[in-house]
Amino acid sequence: MRGLKVLPSGRPGRGRLYVNLPDGQAVAWYDRQANRISVLADDHREAILAALRPYLSGTVAIGPPPVPAAADLRRLAMPPDADLAPNRPAEALLGELEHGAAGTRARHRLRQDLTAQQRMGDAFDALEPDGWRTLHCVPLPGLGRIDHLVIGPAGIFCVRTVPGRRQRAVVGDLLLTIGRAEPRPDPRWIRGAAARAAALLAAKVTPALAVVDASRLETAPTVRDIRILQPPTATPDLLASPAALKPPDVEALFAQARDTRTWLPPTPNHHSGRPGPHPGRPHPGRPRHTR
């Protein structure tokens, strides 16, 4: 059958590959780790194999899918353009750099934010083999975007990433000060974003600030509710945290969080059947910078 589309369920090279009909209905998926193709529509088997052939290696098992978990059912029902999992770290900033304002100072700050988010994103993505799942550039109406939403055995972390610019950084109850620059309301913002995420996911969410490349990082002793992270220690710190979620809970929360419909209110585009711009990729003609 012509018109089958192969779409990743996560960032390139990770997760499953789904085979969809032109209308978006999934008819099969390829699990890279198990090297197995689960076929949902046996009458399309030959077309499915032809579509997946460029991605296969070694001996591949083929058969009906195992009994689906709740996370699998949610993923199968999700439109491809509603999936946040393919977002790269700093996805929105990439569009802003390409189509945004041409001012030298503004672009320099964007590049600093971009580098910081990419570095932290790579650290969070490296946790995947240990049962963690990460989403980048999660839209939060009225508040902008969550830089990283990290879900794993230790719980859910709503992370805002800030470049330290090789200067002293001081985290207070309400403000973050980097060098001699004006204090920023990042601690207050991340608390609000975590509370909003907790309400939408119906789960506990811990606010976290990731400060990248600060010459020195100081945290006020009264800041006890925000997790402070840095690239060299973020991975071991999270892995050493006490377990709070079981693997099925992690997968179920990830399936819920990756769906844009969890975060965004219905729009006329949803009712008309015409998808708008991907929330992780700003429209070329309407760049936004929410930091």
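Predicted model: local features only at pLDDT ≥ 70, side-chain atom pairs only at ≥ 80, totals over all residues.
## Salt bridges across the sequence

Side chains of opposite charge can pair when their charged atoms come close. Across the whole structure, a search finds eleven salt bridges. One of them joins the side chains of Arg 119 and Asp 213, with N to O at 2.6 Å. Arg 119 sits in helix α4, residues 104-125, and Asp 213 in the loop between β11 (205-212) and β12 (216-219), so the pair ties together parts 94 residues apart in sequence. Both ends are partly exposed. Arg 119 has a relative accessible area of 37%. For Asp 213 the value is 35%.

Another salt bridge links the side chains of Asp 225 and Arg 191, again given as N to O, at 2.6 Å. Asp 225 belongs to the loop between β12 and β13 (227-229), while Arg 191 belongs to helix α5 (residues 186-201), so this pair ties together parts that are 34 residues apart in sequence. Asp 225 is partly exposed, at 37% relative accessible area. Arg 191 also counts as partly exposed, at 23% relative accessibility.

Arg 216 pairs with Glu 218 in a salt bridge whose closest N and O atoms are 3.0 Å apart. Arg 216 is partly exposed at 46% relative accessibility. Glu 218 is partly exposed too, with a relative accessible area of 28%.

## Ser 241

Ser 241 is placed in the loop between α6 (231-239) and α7 (247-257). Its relative accessibility is 15%, under the 20% limit, so Ser 241 counts as buried. A polar atom of the Ser 241 side chain lies 2.9 Å from the backbone oxygen of Asp 237. Leaving aside residues up to four places away in sequence, Ser 241 touches Ala 154 and Arg 227.

## Helix α1 and its cover

Helix α1 spans residues 45-52. Its buried residues include Ala 47, Ile 48, Leu 49 and Leu 52. Strands take part in covering the buried residues of α1: β1 (5-8), β2 (16-20), β3 (26-31), β4 (36-39) and β5 (61-63) are included.

## Nonpolar cores

In soluble globular proteins, nonpolar side chains tend to be buried together. Here the largest nonpolar core has 32 residues. Those with the most contacts inside this core are Leu 135, Leu 149, Ile 151, Cys 158 and Trp 263. Two or more core residues come from each of β6 (133-140), β7 (144-152), β8 (155-163), β9 (168-171), β10 (176-178), α5, β11 and α7. Helix α5 gives the largest share, six residues. Arg 191, the salt-bridge partner of Asp 225, lies in this helix as well.

Leu 149 shows the packing in detail. Not counting residues up to four places away in sequence, Leu 149 touches Arg 133, Thr 134, Leu 135, Val 138, Ile 156, Phe 157, Cys 158, Leu 201, Ala 257 and Trp 263. A second core is separate and has 15 residues, including Ala 116, Leu 127, Ala 208 and Ala 234.

Methods. Residues numbered from 1 in each chain as written. Heavy atoms only, no water. Salt bridge = Lys/Arg side-chain N within 4 Å of Asp/Glu carboxyl O. Helix = DSSP H or I, 4+ residues; strand = E, 2+ residues; numbered from the N terminus. Buried < 20%, exposed > 50% of the residue type's maximum accessible area, 1.4 Å probe, protein only. Polar contact = N/O pair within 3.5 Å; in protein donor to acceptor, adjacent residues only side chain to side chain. Contact = heavy atoms within 4.5 Å. Core = buried A, V, L, I, M, F, W, Y, C linked by side-chain atoms within 4.5 Å.
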